[in-house]
Amino acid sequence: MTYDVIIIGGGPSGLSAAIYASRARLKTLLIEKNGCGGQMTVTDLLENYPGFNDGINGFDLAVKLEMQARDFGTEIMYDEVTSIENGVVKKVISINGACETKTIIVAAGTSVKKMNIPGEEKFIGKGVSFCAICDAPFYKGKDVVVIGGGDSAIQEAIYLSNFAKNVIVVHRRDALRATKILQEKMASRANISVIYDSIPKEIFGNDSIEKIGITNTKTNEDKDLQVDGIFVFIGLIPNTLFLSNLTLDKNGYVITDENMNTSIPGIFACGDIRKKQLRQVVTAASDGAQAAVSAQHYIEN
Ligand code: NAP
């Protein structure tokens with residue numbers, strides 16, 4: 001059987017593409033590696049997604065989007081895509097098989113970036129975390145460090161401050177990148193402090209984390225912070241390893257036009273994986289809708 005569209009990735013862009021494609025009565029398959037929802041599922045509260053003035057939990061929104069896509073007729077398959085092949089009929093190859101399709105929408109998102117410092121690998125899952133919503137309850141009454149100064153770091157520092165005794169944000173510059181409303185919220189939490197101009201250097205401990213060494217980038221002064229947990233939010237890496245045939249920018253993001261066309265006709269990309277300025281759930285959803293409509297036009301023409 002040949003699908004009209006295969007969507008790779010079940011985050012908000014992939015699920016939105018699925019809703020639009022299956023609602024247009026295209027035979028739609030969505031392939032997801034883990035569980036639907038992507039990074040949104042580890043976000044406690046989405047405050048800026050339109051229509052939810054009290055905010056919505058990221059996992060709850062993911063479940064709603066998945067149900068909506070299934071209700072319109074999207075098939076969802078759990079597998080890891082390893083490559084795609086172009087042709088009149090295109091192929092999506094995954095660990096457990098291969099499927100044929102007229103169009104492909106790549107919505108594979110991003111993965112978290114690691115610090116690559118000594119001690120990080122040793123303590124991943126044992127004190128080093130990339131997910132506050134998953135691990136914050138383990139740090140009730142304890143001291144934690146958050147590395148990073150973007151939206152994720154500050155949002156997750158605020159979440160962690162509900163559990164931890166002290167939250168120290170370590171940021172490499174003298175100004176945060178995070179949006180102002182998050183900075184204001186953080187400032188209202190007495191148990192969050194920020195150390196500026198500092199980068200993590202090494203994590204120390206035996207069975208558990210004892211301290212993290214940081215270096216001041218202006219003075220070169222080293223300092224140790226005694227902490228129980230380290231939460232890392234230093235940005236994202238696009239999941240493009242399986243896409244050797246598409247044109248990427250210098251950071252590995254897929255280059256598209258405003259209609260989500262990639263460098264290969266009939267292959268579209270949407271969401272965080274593509275080169276763009278604003279990576280938000282709302283822009284992911286918008287990208288997904290456009291990618292599905294572009295796929296529909298491609299098939300019709
Ligand atoms: P980000 O915006 O790329 O921020 C990464 C942060 O980590 C920056 O402050 C960066 O410092 C710092 N950093 C990068 N590499 C580092 C290194 N090797 N060592 C130490 N620090 C390092 O990533 P993000 O916060 O994960 O956000 C990703 C996207 O999702 C963004 O577009 C963001 O707006 C969006 N997002 C939005 C919300 C929301 O709207 N509520 C929530 C979460 C995420 P510099 O500032 O010096 O570059």
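Between domain 1 and domain 2 there is 1 residue pair in polar contact, with both residues at pLDDT 80 or more; a polar contact is a pair of N or O atoms within 3.5 Å, and within protein one must be able to donate a hydrogen and the other to accept it, while residues adjacent in sequence count only if both atoms are side-chain atoms. By class, the side of domain 1 that touches domain 2 has 2 nonpolar, 3 polar and 2 charged residues (Ala, Val, Leu, Ile, Met, Phe, Trp, Tyr, Cys and Pro count as nonpolar, Asp, Glu, Lys and Arg as charged, and the others, Gly among them, as polar).

The model is predicted: local features need pLDDT of at least 70, side-chain atom pairs count only at pLDDT 80 or more, and totals for chains, interfaces and linings use all residues. Residues are numbered from 1 along each chain as its sequence is written, and side-chain values use heavy atoms, with hydrogens and water left out.

Domain 1 covers 2–111 + 236–300 and domain 2 covers 114–232, with bounds from an automatic or database domain assignment. Their centres, taken over C-alpha atoms, are 31 Å apart. The contact (heavy atoms within 4.5 Å) takes 7 residues from domain 1 and 8 residues from domain 2.

Together the two domains bury about 550 Å², 51% of it on carbon and sulfur atoms; buried area is the accessible area (1.4 Å probe) that two parts lose on being put together, summed over both. On the side of domain 1, Val-42, Asp-44 and Glu-47 lose the most area to domain 2, together 69% of what that side buries. Glu-47 also forms a salt bridge with Lys-185, with the closest N and O atoms 2.6 Å apart (a side-chain nitrogen of Lys or Arg within 4 Å of a carboxyl oxygen of Asp or Glu).

Next comes the ligand. An oxygen atom of the ligand lies 2.6 Å from an N or O atom in the side chain of Arg-173. A ligand nitrogen is 3.1 Å from an N or O atom in the side chain of Lys-113.
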